[in-house]
Structure formats: C-alpha cells, structure tokens
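Here is a briefing on one protein model, grouped by topic. Look over the sequence and the fold first, then read on.

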Amino acid sequence: MECNSCVVNDELSARLGGLLQILPVFRGAVRIDSWVPRKPTKPVDLRDSTRGVRLQRAMADAGVASRRGCEELIEDGHVTVNGKLVTELPAWVDPEEDRIVVAGKVVPMPERKVYVMLNKPARTLSTAKDEPGADRRTVVDLVDHPAASRLFPVGRLDYDTIGLILLTNDGELANRLTHPRYGVPKTYRVTVKGALNEDAAKEIERGIFLAQRKAGQTVGGSRTAHVEIEILAKERTKTVVALTLREGRNRQVRRMLAAVGYPVQKLERIGMGPVKLKGLARGEWRELTRHEIQDLKRSAASSGDAPSKQGRSGDGKKPKMPYMAPGVAEMPPNPGIRNRTIKNAINKARLPVTPKLEGRPPKKDE
Ligand code: URA
C-alpha cells in the first residue's frame, strides 16, 4: 500500500543532509504503513506544559536526532504533531498519544503504558494463566481491555481474597509496588472469627514469626515487619480490622491472624499505596486516573530511596498510616472498642509469643 504521507520529498531529504538515511527510525526499520493510530487524532494545546514532555525530547528519545538537532528540525518546519505544523518552541506532547511526523514519516513512540484497577472476586487466580491442565478464571480473563493480553497482575492475592488488584504493562512500576525495598503499603479489610483482644492486636502489630517454606520444607523464617492495625467493628463472634502491611509474604494476613488464634473469614484488599478501591462493583475494572498514576509513581519512588528496614519507610521512621479505613460498621458497634486504633506506644514490652508452629521464634537447635 502506498502511503502518500510517508513519501519523503527529495528536496527535503537533501536539505536534511542525509539525516533521514542515517537514523534507524527512517531507514525502514519501522513499517510506516503498518502504523495504527491509538486514538483518532484530536486538536491539542501544545503550549500546555502538563501534557507530558517537550517535543524535542520526545523526538530525541525516539532516536530522531540529538535534542538540539530536533529543535532545528522543528524550527525549520519539518515536524507536525497530530497533523499540525509546529515551528515554535516550547511545545509539549504526550508521546503515548500524539502522532509526531518528521518530514512525512511517523516517529514511532513507546507502547502506551496501561494501568488498570480490578475489584477481584473470590475464586479467581491472580496469575495471568492457570497451571497446565487446570482451567480456572484469572484476573486477566476479567479485564476486557484492548491491551489485556499484555497486562499482568501487580503482586498476588489468594484465590479467595477479594478486592483491589492492579494490572499493568509497566514492569518497572510493578516491581516497585511489590518489592519490600520500596515498602509501599497495602491495606486489607479483614473479618476474623471471634472478638479480637488487644494483646493479639499488639502481637500482630509488633510482628509474628512466620516460617519460610520451599518445596514443602520449612527452611527458616523470620518475624514480620511492623503492621498497622485498626479495629473497625467488634462483636462476640467476629471482628473487622484494617491491616496495613509493607511486605507481602505468602498468605501473610491469614497466617498472622491464625497464629494469634483468629482465623480469617473474609479478606479484602482496599488500598495499595495512595490508590483506594472505589467506584467498582466486584468483578469490574477501570483504568486508573492520571492523578492516581502520578500518586502511585510518587509513592513507589519516594519509598525506595533507601531500603526499607523491617517494613519501615526509607527514612527508618515508623511509617504513618496512609489509609484511614472508613468507619464501616458491618455489625452492631461495641462502643468501647469500635474504631479505636491500637496505639504502638501502649505497651512496648514483649508479650509471650503464641507457642504454635507459626507465631513463635525458633529455638536455637530447631
Ligand atoms: N495476605 C493473605 O493472607 N492473602 C492475600 O491474598 C493477601 C495478603
């Protein structure tokens, strides 16, 4: 198929001094006729500095020329953005959305990064694919996005855990959100069996010894990092708490609560860093807003400046509770306890740790 807009005019080519032949972007490395616009191009205000990056930088990052060289191409009238000739700088573009054309050839831009929030239902795997031979529903099956096949879940939730899970094709951010080094907090609303007492809450807060298993064998273990706990509602037969963790061990919430004698009945993730689960029915998904993406990136960047120690933020201080769970009273309130935050400082002394397989430190000879 002949594409008129792709034919570089000879005179122009000569004026560019062979640049078009040298740069890989113009050497036929990219088949222009296979380019499909991501969205219909629309008029945009290139003077709006919140749109993204400077035009010459987007061009230079795509390998067109040096920034200075790109400035010259722009000022000499060789560059259009979304069909409009741009000769004045500064001009600001969104490299993932805008169509930049230099001397009639489209500049290939990086794949658009997609960030999706899913309200995961129970009985759904949080991996992209099930094991061979099994055919269970996965979180990717539930996201009907044009880029769905390239999206992968950020971290894991158990098969029966419900609530917030992010999917993206941004590997760098996914790594930062899940690696304990960055200490990005994850908040869960947990319903446990029985009336959770303060001693158990303090134990959870200070850390529980959890075994580490590999290939069915216990290969050691360690105490969990600091956890924030807030009792949201409590009655004789069950308690609802908000737990905020900065690490993500296998089945961590369920194991910690089981270790202090309170089996989990329902587990829902309601927050990841600054992003909260809202506006979605169970099984529904949506793209994150621009603000949510910015906040998420900021939280993952700042937490990782220094390694997080014992789940604390990079500055070594006890992290602040980033998410104040709404005062949800799913059960008749107990006026003495409901919505009361268990303060760290109440009792710094160590309580005896529950003598179970998990929940106690190993003896030296174990
Ligand atoms: N902790 C758990 O025990 N399960 C989850 O799915 C997430 C955190």
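**Sheet, helices, cores and ligand shell**

An open sheet is built from 4 strands in the order β3-β2-β5-β6, with antiparallel pairing. Because β3 (84–85) and β6 (105–106) stand at the edges with a single partner strand each, one side of each is left without a neighbour in the sheet. Strands pair when DSSP finds at least two bridges between them. Strands (E, at least two residues) and helices (H or I, at least four) are DSSP runs, numbered from the N terminus.

The model is predicted: local features need pLDDT of at least 70, side-chain atom pairs count only at pLDDT 80 or more, and totals for chains, interfaces and linings use all residues. Residues are numbered from 1 along each chain as its sequence is written.

**The open sheet**
- Strand β2 (residues 79–81) runs antiparallel to β3, and 2 bridges join them.
- Thr80 has Leu85 in β3 as its bridge partner.

**Helix α4**
- Cys70, Leu73 and Ile74 are buried in helix α4 (residues 67–75). Buried means 20 or more other C-beta atoms within 10 Å of the residue's own; exposed means 12 or fewer; partly exposed lies in between; C-beta atoms are placed from the backbone.
- These residues cover an arc of only 100 degrees around the axis, so they sit on the same side of α4. The arc is that of the directions from the helix axis to the C-beta atoms.
- The cover over the buried residues of α4 includes α3 (55–61), β2 and β5 (100–102). Contact requires C-beta atoms, placed from the backbone, within 7 Å.

**Helix α8**
- Helix α8 (residues 252–259) has Val253, Met256, Leu257 and Ala259 buried.
- Their arc around the axis is only 160 degrees, which puts them on the same side of α8.
- They pack against β10 (186–193), α7 (198–206), β14 (238–245) and β15 (264–272).
- Gly261 follows α8 and has a positive phi, near 95 degrees.

**Ligand shell**
- Around the ligand are Leu157, Asp158, Thr161, Arg251, Gln252, Val253, Arg254 and Leu267.
- The shell has 3 nonpolar, 2 polar and 3 charged residues. Ala, Val, Leu, Ile, Met, Phe, Trp, Tyr, Cys and Pro count as nonpolar, Asp, Glu, Lys and Arg as charged, and the others, Gly among them, as polar.

**Nonpolar cores**
- The largest nonpolar core has 52 residues, of which Val116, Leu167, Val190, Val241 and Leu243 touch the most other members. A core is a set of buried Ala, Val, Leu, Ile, Met, Phe, Trp, Tyr and Cys residues joined through C-beta atoms within 7 Å.
- Strand β14 gives the most to this core, with 5 residues.
- Leu243 touches Tyr188, Val190, Val227, Ile229 and Val253, leaving aside residues up to four places away in sequence.
- Another core lies apart, with 19 residues, including Val79, Ala91, Val102 and Val107.

**Backbone points to check**
- The peptide bond from Leu89 to Pro90 is cis, with omega near 5 degrees. Pro90 is in the loop between β3 and β4 (92–93).
- Ala103 is not a glycine, yet has a positive phi of about 50 degrees. Ala103 is in the loop between β5 and β6 and is buried, with 22 other C-beta atoms within 10 Å.
- Arg123, also a residue other than glycine, has a positive phi near 55 degrees. Arg123 lies in the loop between β7 (115–120) and α5 (139–142) and counts as exposed, with 10 C-beta neighbours inside 10 Å.

Conventions:
Two residues are in contact if their C-beta atoms, placed from the backbone, lie within 7 Å. A residue is near a molecule or strand if its C-beta atom, placed from the backbone, lies within 6 Å of it.
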